Amino acid sequence: MKFSEKVQKCSLSPMRKFHPYAVQAVQAGKKIYHLNIGQPDIETPQALFEAVRSFDQKVLEYAPSPGIPALIGAIRDYYARIGVALDDDDILITTGGSEALQIAASCILDDGDEIIIPEPFYPNYNTFIASAGASIRPIPTDPHEGYFYAARERVEACITPRTRAILVTNPGNPTGVVLTREQMEMLLDVAVEHGLFLICDEVYREFVYSGEPLASFMQLGRGEENLILIDSVSKRFSACGARIGCLISKNADFIAQALKYCQARLSVATLDQVAAAALYTVEPSYFDAVREEYKRRRDTVVEALKRIPGVVCECPHGAFYLMAKLPVDDADRFQQWLLEEFDDDGETVMFAPGASFYQTPGKGADEIRIAYVLNCRDSARAIDLLAKGIERYNAR
């Protein structure tokens, strides 16, 4: 039996591929501190659960393919509060930000096309883009520069006749890089001047730690035909299991094409949409408290990493991830060893090895992504385990 070339270009998730080893470690009696997956432990606002409990329709019907009006209206109002005026027709509800990205890629990419993405990047981007028959042309970065990429010359050097779009995450996953207003304007200028789409994954918008106001490329007020926004309730409201995202664009032709995919999958889960609409009633104080908690966790992790000899790690400014360069030969082998052969008082740690966050062969082999989603005590213990693991691994 033959499998498609497209699916064979896709890879397993680096955040989950060590799951079988983790299961064996737990069965062997080890406790694992999980820094590998961006699953927050912050409590989901009660508004979501109350909306589900009060749902009283007699039949759980299909929702409209673009999304239920209550959720579209809630998202429109949210954007209005940050200075972005949207019409209902600019918004399509999706099954998480992942489906929004997959639909966007399917709408704008053909076989052999290219999309520019700074590396390291969220590995599932590769799956969405390979599924559309296209490939990623990476903007190289360096951990010693804090993974900086937003320079016009670096971006334009990647443009070829096959380039169709630029994709950025702001704030960044996995690096925590946050773009300045000037950098956002530059990226939009490049997209407009070269006739490219600019896909902006903004699902971590609330998580910026230097006091900046909430930022969106839509606030720039121009280049609207080129802009495609990806958003989600998953991280903003600690509601990853709700699987509600959205695709936003003022390009009516793009939305019309994307609607074909929305209609083909019929609808997003009705109850999840009802619950997500209620989340947008949460007071700003919720985000203030969550932001401060993540900032404490970030500081705990960064300070502990900087005490480990040979580790290179710049303090991230947003999201709840960071990339770190480790003094080990191979992060994949190191992770497997941590699960199979290492423990300290019956405990070990998991991270996401860095190579899968890169398109360029050979890059990221000694890097890892850490999701600082554990409380400060557990975060400190996890980095302590990492430090002890590095020392024992290199002393073998």
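Which strands each supply at least two residues of the lining of the largest cavity? They are β3 (114–118) and β5 (163–169). The model is a predicted one, and the values below are computed from it.

**Cavities**

The structure holds 3 cavities of 30 Å³ or more. Of the 18 residues lining the largest cavity, Pro-118, Pro-120, Tyr-149, Asn-173 and Thr-175 are the closest to its centre. Strand β5 makes the largest contribution to this lining, with 3 residues. By residue class, the lining of the largest cavity has 12 nonpolar, 5 polar and 1 charged.

The second largest cavity is lined by Leu-101, Ala-104, Ala-105, Leu-109, Ile-115, Tyr-125, Phe-128, Ile-129, Leu-167 and Ile-199. Helices α5 and α6 are the elements that give two or more residues to this lining. The lining of the second largest cavity consists of 10 nonpolar residues, with no polar and no charged ones.

**Pockets**

The largest pocket has a lining of 31 residues, and Asn-170, Val-178, Leu-179, Thr-180 and Glu-212 lie nearest its centre. Two elements, α8 (181–193) and β9 (321–325), each supply at least two lining residues; the largest share, 3 residues, is from α8. The lining of the largest pocket divides into 17 nonpolar, 9 polar and 5 charged residues.

Around the second largest pocket there are 24 lining residues, with Ser-98, Tyr-122, Tyr-204, Lys-235 and Arg-243 closest to the centre. Helices α5 (96–108) and α6 (124–131) each give at least two residues to this lining, and α5 gives the most, with 4 residues. The classes in the lining of the second largest pocket are 9 nonpolar, 10 polar and 5 charged.

| Space | Volume |
|---|---|
| Largest pocket | about 530 Å³ |
| Second largest pocket | about 450 Å³ |
| Largest cavity | about 130 Å³ |
| Second largest cavity | about 60 Å³ |

**The sheet containing β9**

Strand β9, which contributes to the lining of the largest pocket, also belongs to an open sheet of 3 strands in the order β9-β12-β11, with antiparallel pairing. Strands β9 and β11 (352–353) are at the edges and have a single partner strand each, so one side of each has no neighbour in the sheet. The antiparallel pairing of β9 with β12 (residues 367–371) runs over 5 bridges. One of the residues involved is Tyr-321, whose bridge partner in β12 is Ala-371.

**Arg-298 and the cysteines**

Is Arg-298 buried or exposed? Arg-298 is buried, because its relative accessible area is 7%, which is under the 20% limit. Arg-298 is part of helix α11 (residues 284–306). Leaving aside residues up to four places away in sequence, Arg-298 touches Tyr-209, Cys-315, Pro-316, His-317 and Tyr-372.

Cys-315, one of these contacts, is partly exposed at 30% relative accessibility. The closest cysteine sulfur to that of Cys-315 is in Cys-313, at 7.4 Å, which is too far for a bond. Cys-200 is buried, with 1% relative accessibility. For the sulfur of Cys-200 the closest cysteine sulfur is 13 Å away, in Cys-246, and this is also too far for a bond. A disulfide requires sulfur atoms within 2.5 Å, and the count of disulfides by this rule is 0.

Notes. Residues are numbered from 1 along each chain as its sequence is written. This is a predicted model: local features need pLDDT of at least 70, side-chain atom pairs count only at pLDDT 80 or more; totals for chains, interfaces and linings use all residues. Side-chain values use heavy atoms; hydrogens and water are left out. On a 1 Å grid over the protein atoms alone, a cavity is a set of points where a 1.4 Å probe fits but cannot get out, and a pocket is an open set with protein on both sides within 12 Å along at least five of seven lines; lining residues have an atom within 4 Å of a point. Grid points are joined across faces, edges and corners, and a volume is the space filled by probe spheres set on the points. Ala, Val, Leu, Ile, Met, Phe, Trp, Tyr, Cys and Pro count as nonpolar, Asp, Glu, Lys and Arg as charged, and the others, Gly among them, as polar. Buried means under 20% relative accessible area, exposed over 50%, partly exposed in between (1.4 Å probe, protein chains only). Contact means heavy atoms within 4.5 Å. Two strands pair if DSSP finds at least two bridges between them.
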